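The sequence and the structure are shown first.

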Amino acid sequence: MSLKGTPWFPFLYGLFHAYLISHAGNITRVRAVIHQKGDLNLNRIVETEFLSHAVVKMVIEAPDVAKKRKAGQFIVLMTDEKGERIPLTIVDSDSEKGTVTIIFQVVGKTTTCLSDMKEGESLYCVLGPLGRPTEIEKFGTTVCVGGGVGIGVVYPITKALKEAGNRVISIIGARTKDILILEDEMKAISDELLIATDDGSYGFHGFVSDVLQNLIDRGEKIDRVVTIGPVPMMRVVCNLTKHYNIKTIVSLNPIMVDATGMCGACRVSVGGKTKFACVDGPEFDGHEVDFDLLTSRLRMYYVQEKEALEYIRCECNE
Ligand SMILES: Cc1cc2nc3c(=O)[nH]c(=O)nc-3n(C[C@H](O)[C@H](O)[C@H](O)COP(=O)(O)OP(=O)(O)OC[C@H]3O[C@@H](n4cnc5c(N)ncnc54)[C@H](O)[C@@H]3O)c2cc1C
Ligand code: FES
């Protein structure tokens, strides 16, 4: 029996939202806000731009999130009422305009639907800011390493580290020049910017981890590394820095469902202990992360994800 339409529905619905908001707030130490379509102009897409053929930058109206968010935090959004909830990092915000910026790679059903949305349309729901903010201090020389769409995720952290007085060396990389994003933006907030492409079409011919090795070899005293990108990239960087005993922070992207610490979907193992990335992370000490577990859990719904993508492709072609 559906509760919708009964006199109890508005009450239970309100109670559930109040619980979700307060629960998220308690755990993350930041009061998360749910903006739902229909709330004035909330969640309206004010700007959308393809940074490369499969990476989109989107600016969304979400004033309360914009006011509260800190580097390292993320939102969960739904494109429509029946859609799934997906987590995306808050890359930037403007508290005066009441907007947040996200940068996402089109990889599956929801990111495809999101990339099809136009300026002026509204998302069904935006929840945030979620997750623990990045630990920002004056560490000394920090190296920020971003790969692929991970450059968007490392950008706000790099900016905050620079503003805290660190000397920031950034290393960004992509498979090839055409899909390298945020070069100018990263340059503007870094003391030194180094670029690598797998195919050698731009910058150093090789991986970001090779560039980091070169920095270490040139005698650079590095106090902290932050590395965000594909799991194999973060694993290689962590193996390298472990060898030199350089503290290294990673931002993990396990599958998330509720993003408030209740469902267990985002379970990761750090230092042999179970952590929930949505409330304990998403950033962790990279030397302690069980990358094998993370990789296998990310593949858990591979078949269903492929089917869902095929389904919307068919729908689009009808
Ligand atoms: C805290 C956090 C921040 C993130 N920030 C960004 C970001 O700024 N930009 C960006 O492009 N991506 C980001 N991601 C990953 C993004 O959430 C997924 O790419 C997205 O959920 C895929 O949805 P889909 O339906 O399009 O693809 P799906 O068909 O669901 O999956 C395609 C691929 O994405 C992975 N994936 C699926 N669902 C999730 C999920 N809920 N969380 C993580 N990975 C998932 C799958 O393992 C698969 O490899 C972030 C993930 C987390 C956990
Ligand atoms: S997503 Fe449910 S516990 Fe983290």
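## Overall composition

Of the 318 residues in the protein chain, 41% are buried. The model is predicted, and every value reported here is computed from it. The protein chain comprises 10 helices and 17 strands. Among its contacts between residues at least 6 apart in sequence, 63% join residues at least 24 apart.

## Surroundings of ligand 1

The shell around ligand 1 consists of 25 residues, and the closest are Thr89, Gly108, Thr110, Thr111 and Glu305. The elements that contribute two or more residues to this shell are β5 (86-89), β7 (99-105), α3 (109-116), α4 (150-163) and α10 (302-317). Strand β5 gives the most, with four residues. By class, the shell divides into 16 nonpolar, seven polar and two charged residues.

Helix α3, one of the elements of the shell, has Lys109, Thr110 and Leu114 as buried residues. Seen down the axis of α3, its buried residues fall within an arc of 130°, so they line one face of the helix.

## The largest nonpolar core

The largest nonpolar core contains 76 residues. Those with the most contacts inside it are Ile75, Leu77, Ile102, Val126 and Val145. Helix α4 gives the most to this core, with six residues. Both domain 1 (26-130) and domain 2 (141-298) supply residues to the core, so it lies between them.

Val145 is one of the residues with the most contacts inside the core. Residues up to four places away in sequence aside, Val145 touches Ile171, Val208, Leu212, Val225, Val226, Thr227 and Val237.

Just after α6, glycine 219 adopts a positive phi of about 95°.

## Cis peptide bonds and positive phi

Most residues other than glycine have a negative phi, and most peptide bonds are trans. Which residues are joined by a cis peptide bond with omega of about -5°? They are glycine 128 and proline 129, and proline 129 is found in strand β8 (residues 125-130). The peptide bond from glycine 281 to proline 282 is also cis, with omega near 10°. Proline 282 is placed in the loop between α8 (277-280) and β17 (283-285).

Leucine 182, which is not a glycine, has a positive phi of about 60°. This leucine is in the loop between β10 and α5 (183-188). Leucine 182 has 23 other C-beta atoms within 10 Å, and a residue counts as buried at 20 or more, so leucine 182 is buried. Alanine 259 likewise has a positive phi, near 65°, and lies in the loop between β14 (248-251) and β15 (267-270). With 27 other C-beta atoms within 10 Å, alanine 259 is buried.

Lysine 247 is in the loop between α7 and β14. Lysine 247 and threonine 142 are 105 residues apart in sequence, and their C-alpha atoms are 9.9 Å apart in space.

Threonine 274, in strand β16 (residues 273-276), is exposed, with 12 other C-beta atoms within 10 Å. Neighbours within four places in sequence aside, threonine 274 is in contact with Arg267 and Ser269. Threonine 274 and glycine 264 are 10 residues apart in sequence and 9.9 Å apart in space, C-alpha to C-alpha.

Technical notes:
Residues are numbered from 1 along each chain as its sequence is written. Chains are lettered from A and ligands numbered from 1 in the order in which they are written. This is a predicted model: local features need pLDDT of at least 70, side-chain atom pairs count only at pLDDT 80 or more; totals for chains, interfaces and linings use all residues. A residue is near a molecule or strand if its C-beta atom, placed from the backbone, lies within 6 Å of it. Ala, Val, Leu, Ile, Met, Phe, Trp, Tyr, Cys and Pro count as nonpolar, Asp, Glu, Lys and Arg as charged, and the others, Gly among them, as polar. A nonpolar core is a set of buried Ala, Val, Leu, Ile, Met, Phe, Trp, Tyr and Cys residues joined through C-beta atoms within 7 Å. Domain bounds come from an automatic or database domain assignment. Two residues are in contact if their C-beta atoms, placed from the backbone, lie within 7 Å. The arc is that of the directions from the helix axis to the C-beta atoms.
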